[in-house]
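Biologist: Please take a close look at one part of this model, the pairing of charged side chains. Then place that part in the chain as a whole.

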Amino acid sequence: MTIDGILKSYDVEFTDIPEDLKSKLVFSLNNCSNTNLDEKTIEIRKLLNENQNLIPWFSKHIVYQRAPIELNFHTMYINLLEKLAKSEIIKEITRETYSLLRKLLETDRVIPGVERNPIQLNDKNVLKNLGSWLGMLTLARNKPIILKEFDIKGIIVEAYENRKLDYILPLVCKILTHGSQPGSVFKPKNAWMNAVLSILVEISGLEIKMALKCEIQVLLNNLGILSESEITPSTIIHTRNSNRAALQNLVETPEDNGEI
């Protein structure tokens, strides 16, 4: 399934929810603004209280239909979620965001017997927007990225080795840039943040597109880092390449030694 198809499929499992309720909720969201957010929060909270089954639908609607394309409204939606004062909704939305990102990244995975759907330009924008959204839900609110949900370090390494940096690296940079928020504990000296940045700095020193090097530099500048030299590069990529070369040499050794 294409990325566009995945985004449009969010509604298929909610056949038990009356369409008029969905329409009312969508209407309230469509008319939200920073000036009437308190009023719309009351409307939306009332709808969610009247039908608890609306909560999972509302969560998926935000993640699948709003966050991927409405970048300029991300802050307003986060404020809305905070004002709703329903912790289960933010947890559900965060979980759905992780799940959606995994699904979208799977579309470009090479699987025998399954048609591959390469990431297109519009898809890259969707991923960048979702990266910014995830960063706002987590790092900007001093919440960690859960390793078992989204292994950022592993995703970066896999992207480099499989030539997927074009869309993975901008996605990751959009997530990490929210560590620059005032009060965020995810500054460059944070152990987790530093470990991720060190991988990016290592990759920046390799042969990659200039546009990707610029993505890393912009991220570092946003985090208050003026030069890559302030971050010690990791050796993960180098070590994996060396191990791969050593393994290849072992495979070729019998023939090299003249063995039959």
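**Charged pairs and their setting**

Modeller: Lys 40 counts as buried, at 8% relative accessibility; buried means under 20% relative accessible area, exposed means over 50%, and partly exposed lies in between, with a 1.4 Å probe and protein chains only. The model is a predicted one, in which local features need pLDDT of at least 70 and side-chain atom pairs count only at pLDDT 80 or more, while totals for chains, interfaces and linings use all residues. Residues are numbered from 1 along each chain as its sequence is written, and side-chain values use heavy atoms, with hydrogens and water left out.

The side chain of Lys 40 forms a salt bridge with that of Glu 43, at 3.3 Å from N to O. The term salt bridge stands for a side-chain nitrogen of Lys or Arg within 4 Å of a carboxyl oxygen of Asp or Glu. Both residues sit in helix α3 (residues 37–50), three residues apart, which means a separation of about one helical turn. Helices here are DSSP runs of H or I with at least four residues, strands are runs of E with at least two, and both are numbered from the N terminus.

A second pair has a like arrangement in sequence. Arg 95 and Glu 92 meet through their side chains in a salt bridge, 2.9 Å from N to O. They are three residues apart in helix α6, so about one helical turn separates them. Arg 95 is partly exposed, its relative accessible area being 39%.

Which parts does the pair of Glu 13 and Lys 60 tie together? The salt bridge between these two side chains is 2.7 Å, N to O. Glu 13 lies in the loop between α1 (3–8) and α2 (19–30), and Lys 60 lies in helix α4 (residues 54–66), so the pair links parts 47 residues apart in sequence. Lys 60 is buried, with a relative accessible area of 8%. Asp 11, Glu 19 and Lys 22 are in turn linked in a network of salt bridges. The count of salt bridges comes to 14. As background, side chains of opposite charge can pair when their charged atoms come close.

Next, the nonpolar side of the picture. The largest nonpolar core has 78 residues, of which Ile 44, Leu 48, Phe 58, Trp 133, Phe 150, Leu 176 and Leu 197 touch the most other members. Helix α9 (residues 165–176) gives the most to this core, nine residues. A nonpolar core is a set of buried Ala, Val, Leu, Ile, Met, Phe, Trp, Tyr and Cys residues joined through side-chain atoms within 4.5 Å. Leaving out residues up to four places away in sequence, the neighbours of Leu 176 include Leu 139, Trp 192, Met 193 and Val 196; contact means heavy atoms within 4.5 Å. Further neighbours of Leu 176 are Leu 197, Leu 200, Leu 219 and Leu 223.

Ser 184 is placed in the loop between α9 and α10 (191–204) and is buried, at 6% relative accessibility.

Asn 142 belongs to the loop between α7 (121–137) and α8 (152–161). Its phi is near 60°, a positive value in a residue other than glycine, and its 34% relative accessibility makes it partly exposed. Ala 85, likewise not a glycine, has a positive phi of about 55°. Ala 85 lies in the loop between α5 (74–84) and α6 (87–106) and is exposed, with a relative accessible area of 65%.

Cys 173 is buried at 5% relative accessibility, and Cys 214 is partly exposed at 40%.

Finally, the chain as a whole. It has twelve helices and zero strands. Of its 260 residues, 45% count as buried. Among contacts with a separation of 6 or more, 73% join residues 24 or more positions apart. The accessible surface comes to about 13,900 Å², with 53% of it belonging to carbon and sulfur atoms; such areas come from the Shrake-Rupley method with a 1.4 Å probe, and for residues only the protein chains shown count as cover.
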